[in-house]
Amino acid sequence: MNISKRVKTLVSSLALVSVMAPAPAVSAETLLEALAAAYASNSQLAAQRAALRATDEGVRRAKANFLPNATGTFTRIEGDQRSIAFNADGEVTDFAGNPIPAPDFESNDREIYQVDVDQNLFRGLRTINETRQARANVLAGRAQLTQVEQQVLLDAATAYMNVVRDEAVLELNKNNVQVLERQLQASQDRFRVGEVTRTDVAQSEARLEGAKAQQLSSEAQLAVSRANYEQVIGRQPASLEATGVPINLPTDLQGAVEIALEEAPSIEQARQTEEAARRAIHVAEGALLPTVTLRGTYQQNEGITFVGPTPFNLENTTRQVVLNVSVPL
């Protein structure tokens, strides 16, 4: 298991624990806990996961061309029929010419049941190439998801360390203000006894005001970092715990380059996108090849029909198999 997969597994486990566990008491939050929170709640990650699930459906759609396609049809025909003849005087007669009363309408109803089954036998290898193209798109989508995960985790780590840094800078500036306040008090005391001049006191006051301005600036920067932390990780920072240098880092630049060439998700995404494009070319070429399909039809007619004035019960069953070969010209 490579480094990125180990980190993803660890963060996923922490995300699951953070969701299932009850809210703990206020304590220092570690970097891994912050990463787990970002991994579990980041909206960009949720959108990318949904996009990958939609891409996965492309494999099923491509494989569907291997399967038969069945269509069922039901038709009902209702109508009335009256067979009559007229003589020269306009009287209703039978077909022998004898006068008869006008006959009633006769029912002429039919029901038709039909099932068609189509099976692709050969599509110019398009089904195979469409399936491989869909799989390459899925692998490219997974690589893109990994890339987004890495970016989100990097943003979360950056936001975490920015808050830790700005809190330390603010604490340093507060201490500096306290030191300069004591120095100013000492300068004023020495001025009262004549040991220093008014200029020395003014310089101490200027240094103190400069330190207060730096403190205000660091407070504003900390507020910005806290807001960015909440945006990336999904909650306001509490007491954060400083972290050390990560382990298992490459020892030199060449080692880092080798890991990047082997595991970088952007490179893997480019490889799979190229493979999908190559398969798309094969799909287009397959449209120039013959297509062979097999159709089976079952049809059953039931009802009453008339031949002249005579009704007949109709029951007709048709079974048919057709092999169709289509060659593009």
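Okay, let's start with the surface: the chain has about 21,300 Å² of accessible area, and 56% of that belongs to carbon and sulfur atoms (Shrake-Rupley, 1.4 Å probe, with only the protein chains shown counting as cover for residues). Keep in mind this is a predicted model, where local features need pLDDT of at least 70, side-chain atom pairs count only at pLDDT 80 or more, and totals for chains, interfaces and linings use all residues. Numbering runs from 1 along each chain as its sequence is written, and side-chain values use heavy atoms, with hydrogens and water left out.

There are 7 helices and 8 strands, taken as DSSP runs numbered from the N terminus (H or I, at least four residues; E, at least two). Of the 329 residues, 25% count as buried, meaning under 20% relative accessible area with a 1.4 Å probe, protein chains only.

So what's in the largest nonpolar core? It has 23 residues, and Leu 45, Ala 156, Tyr 160, Tyr 229, Ile 233 and Leu 240 touch the most other members. By nonpolar core I mean buried Ala, Val, Leu, Ile, Met, Phe, Trp, Tyr and Cys joined through side-chain atoms within 4.5 Å. Helices α2, α3, α4 and α5 each give two or more residues, and α4 gives the most, with 10. Apart from that core lies another one, of 7 residues, including Val 177 and Leu 208.

Zooming in on Leu 45: beyond its neighbours within four places in sequence, Leu 45 contacts Ala 38, Tyr 39, Leu 145, Val 148, Glu 149 and Val 152 (contact being heavy atoms within 4.5 Å).

Last one, Ser 187, in helix α4. Ser 187 counts as buried because its relative accessibility is 13%. Leaving out neighbours within four places, Ser 187 touches Val 196, Val 201 and Ser 204.

How values were computed:
Buried means under 20% relative accessible area, exposed over 50%, partly exposed in between (1.4 Å probe, protein chains only).
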